[in-house]
Amino acid sequence: MAAGLGTRMKSATPKHLHPLLGRPLVAWALAAVRAAEPSPLVLVSSPESVAELASAFPDVEVAVQEEPRGTGDAVAAARQALEGFEGDILVLAGDSPLLTPEAIDQLVDEHRHEGAAITLRSIEPEGHRPYGRIVRGERGELAAIVEERDATPEQQEIRELNASVYVFSAPDLWWALGELGTDNAQGELYLTDTIARLVQEGRRAVVYRSPDPDVAEGVNNRADLALAASLLRKRILTAHMLAGVTVVDPETTWIEADVVIDPDAVIQPFTVLRGRTVVRSGAEIGPHVVAVDAEIGQGATVGPFCYLRPGSVLAAGVKAGTFVEIKNAQIGERSKVPHLSYIGDADIGEDTNIGAGAITANYREERFDEKQRTVI
């Protein structure tokens, strides 16, 4: 579901398209879901965001929630796209970037093992979260989910919270959505109210307690976005280190999700690697380096205080040194750009040394909108 207006972001950009470590926010949830190989995969959007989401994710079918009438209505908007589908339907919020493929597999496995109409994931975080409370019956069975705004003081003390990840049997989901009403604090159709309706009908509802409360962290504002970035950054860095990359100071290093780093590369403090940057084995990057969509060859050294802009390709053994900026340029093997230089739109051959203060200037005098390449 990615139809929320995201008003708490206080932004002209739809919440689900805000960038998060190199991807739009909603792309993180989609990546986790894709690992389960769902078919079809439907993204529910507001009318304002449908064109952008359809363009950003051409492999996903986009359904439109015409009016913001709540999460239940958002899921109902996907019904036409799921016409004739009778299997299990996974439902989750598009602002859940910390969800993992493993968490989805656990929930689906539990649902099928229990033969349930609905299986949901719950968490018990240490601090307060504005999430729905899991209300249980006398025998500990799931009875309902009560949203925080509608909870009594006693229910607000419940520590088990709804993680907003569900697996429904398709027939049970469509029946329960048809039974929803708007008698609640927000006057909306709550997806969570389907649980009480299914339980009242004697249909099996199961809770899977999550061993990791972080997977349910959602994003409602920019503070949440920064927290999610911090948690995801730690995951990314840990994965690289376990794969053989030396990250000297993880606290000051930012590496986006699609960066590729080979084993035995060394990342020094205050380094930022963005986009589809590639770092080959034996390269040493930093400190104080930013690389965006760049390729850094085997054994190359970059920094300190170096900026590699998109299209920079450094071959094996290249040195790009202090206060150097390179953009859309090919630097040949063992060549050096040691300090205080700008190299843009250039091809520099092997074993070349660019002296301090050198630049490549590429505009044609008669046509300032057209660049030519400098070849050295």
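Helices here are DSSP runs of at least four residues, numbered from the N terminus. I kept that in mind while reading this predicted model.

**Entry 1: helix H7**

I started with helix H7, residues 193–200. Which residues of H7 are buried? I found Thr 194, Ile 195, Ala 196, Arg 197 and Leu 198. Next I looked up what covers them. The cover includes strand S6 (118–123), strand S8 (142–146), strand S9 (161–169) and helix H6 (170–178). After H7 comes Gly 202, and I noted its positive phi, near 80°.

Arg 197 forms a salt bridge with Glu 179, with the closest N and O atoms 2.9 Å apart. This pair links distant parts of the chain: Arg 197 is in H7, Glu 179 is in the loop between H6 and H7, and they are 18 residues apart. Glu 179 has 37% relative accessibility, so I put it down as partly exposed.

How many salt bridges does the structure hold? I noted 22. One of them joins the side chains of Arg 23 and Asp 258, at 3.1 Å from N to O. Arg 23 sits in strand S2 (residues 23–24), while Asp 258 sits in the loop between strand S12 (254–255) and strand S13 (260–261), 235 residues apart. Arg 23 is partly exposed at 22% relative accessibility. Asp 258 is partly exposed too, at 26%.

I also looked up Asp 347 and Arg 373, whose side chains meet in a salt bridge at 2.9 Å, N to O. Asp 347 is in strand S26 and Arg 373 is in the loop between strands S28 and S29, so this pair ties together parts 26 residues apart in sequence. Last, I noted a network of salt bridges that links Glu 124, Arg 136, Glu 160 and Arg 209.

**Entry 2: aromatic rings**

I found two aromatic pairs. Why is the pair of Tyr 166 and Phe 168 tilted? The ring planes stand at 35°, with the centres 5.9 Å apart, so the pair counts as tilted. Both residues are buried.

Phe 305 and Phe 323 make a stacked pair, 5.3 Å centre to centre with 15° between the planes. Phe 305 lies in a loop and Phe 323 in strand S23, so the pair ties together parts 18 residues apart in sequence. Phe 305 is partly exposed, at 41% relative accessibility.

I then checked charges over rings. Arg 203 lies over the face of Trp 175, 4.3 Å from the ring centre. Arg 233 lies over the face of Trp 254, at 4.7 Å.

Definitions and conventions
Residues are numbered from 1 along each chain as its sequence is written. This is a predicted model: local features need pLDDT of at least 70, side-chain atom pairs count only at pLDDT 80 or more; totals for chains, interfaces and linings use all residues. Side-chain values use heavy atoms; hydrogens and water are left out. Rings of Phe, Tyr and Trp (its six-membered ring) pair if their centres lie within 6.5 Å; planes under 30 degrees apart count as stacked, over 60 as edge-to-face and the rest as tilted. Buried means under 20% relative accessible area, exposed over 50%, partly exposed in between (1.4 Å probe, protein chains only). Helices (H or I, at least four residues) and strands (E, at least two) are DSSP runs, numbered from the N terminus. A charge sits over a ring if NZ of Lys or CZ of Arg is within 6 Å of the ring centre and within 35 degrees of the ring normal. Contact means heavy atoms within 4.5 Å. A salt bridge is a side-chain nitrogen of Lys or Arg within 4 Å of a carboxyl oxygen of Asp or Glu.
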